[in-house]
Amino acid sequence: FLSEHYGAPAMLLALLLGLALNFLADDGTRTAPGIGFTARTVLRLGVALLGARISVDMLAALGWPLILLVVLGVVATILFALLAARLVGRRWRFALLTGGSVAICGASAAMAIAAVLPRHERSERDLVFTVLAVTVLSTVAMVIYPLLSGWFGYDERTAGVFLGGTIHDVAQVVGAGFSVGPEAGETATLVKLIRVSMLAPVVLCFSLAIRSMGLTDSSTGSRPPLLPGFVLGFLALAALNSLGLIPAVLAEAAGTFSRWCLLIAIAAVGIKTSLRKMLEVGGGAIALIVAETVFLGVFVLVGLHLIG
């Protein structure tokens, strides 16, 4: 309701409302178990259902040069995040969280990646900061990037590739694309869904790397799962959709339910997080996620120029 009436992203408003209700997550409150369940289980269900919108035909329709550009953009942005994080004094966990969210699909990717990273005392704070930052940056990009595409003289298809390949959250990609034109909107959505399809392999690679290098949190001794159940669900739904076994109506319903699950889950994550502690994240973290966003934008621009 607030999003429709005030034009702000629903994910951002859910997060802010959750932050205002932080007292509900205090130890001993009757609401704490439900908030914990929502922030973990409902979140994973929402990520798994994203797979119902992915198919092999969708990928092939764009053409291999552009698919390669999108995939390389995801990989390069994550590698850049790991390198840049050292310069601003942030650790590898924060780099993977922010780099993955910028590279793939914003808040949804942040929540999926956070679910497989080893837990530590600042996990909730870092996740809330990342979701807040990528949502704000997506909103800014939704306004600025269509103007840039016009300034570069892109046609609608090229503008759609640029917008879908650089803006973080799906909703803002759709808004930016259709503000340019129908073809730009459809192309931007398609490119964005290709980035979303990278979520499962990226999470799997993160899990394998964390296991093989022994980078689990020593205070808990926990080991992240090799392939979490929600990633398996994502892959299974993508495979079924590729085989044409999921009707279009059902796939659309799954996408809608997924958005609701993620919206509810990010509100719960916000409730679990103290705003005062989140503000302790520091200017280095802000600089890092802005630098990752700029890097991805420049990478896609250069790639489009080389492809012609």
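Author: A pocket here is an open set of grid points with protein on both sides within 12 Å along at least five of seven lines. The model is predicted. In it, the second largest pocket has a volume of about 440 Å³. Its lining is made up of 20 residues, and those closest to the centre are Ile78, Leu79, Leu82, Leu96 and Phe206. Three helices, H5 (64-87), H6 and H12 (199-212), each supply at least two residues of this lining. H5 gives the largest share, seven residues. By class, the lining of the second largest pocket has 17 nonpolar and three charged residues, with no polar ones.

The largest pocket holds about 950 Å³ of space. It is lined by 31 residues, of which Pro9, Ala10, Met11, Ala171 and Leu263 are the closest to its centre. Helices that each supply at least two residues of its lining include H1 (2-6), H2 (10-20), H7 (107-114) and H10 (170-180). H14 contributes the largest share, six residues. The lining of the largest pocket divides into 20 nonpolar, seven polar and four charged residues.

About 90 Å³ lies in the largest cavity. H6, which also supplies residues to the second largest pocket, gives the most to the lining of this cavity, with three residues. H8 (123-151) likewise supplies at least two. Among the residues lining the largest cavity are Arg93, Phe94, Leu97, His120 and Asp126. By class, the cavity lining has five nonpolar, two polar and three charged residues.

How values were computed: Residues numbered from 1 in each chain as written. Predicted model: local features only at pLDDT ≥ 70, side-chain atom pairs only at ≥ 80, totals over all residues. Heavy atoms only, no water. 1 Å grid on protein atoms, 1.4 Å probe; cavity = no way out; pocket = protein on both sides within 12 Å on 5 of 7 lines; lining within 4 Å. Points joined across faces, edges and corners; volume = space filled by probe spheres on them. Helix = DSSP H or I, 4+ residues; strand = E, 2+ residues; numbered from the N terminus. Nonpolar A, V, L, I, M, F, W, Y, C, P; charged D, E, K, R; others polar.
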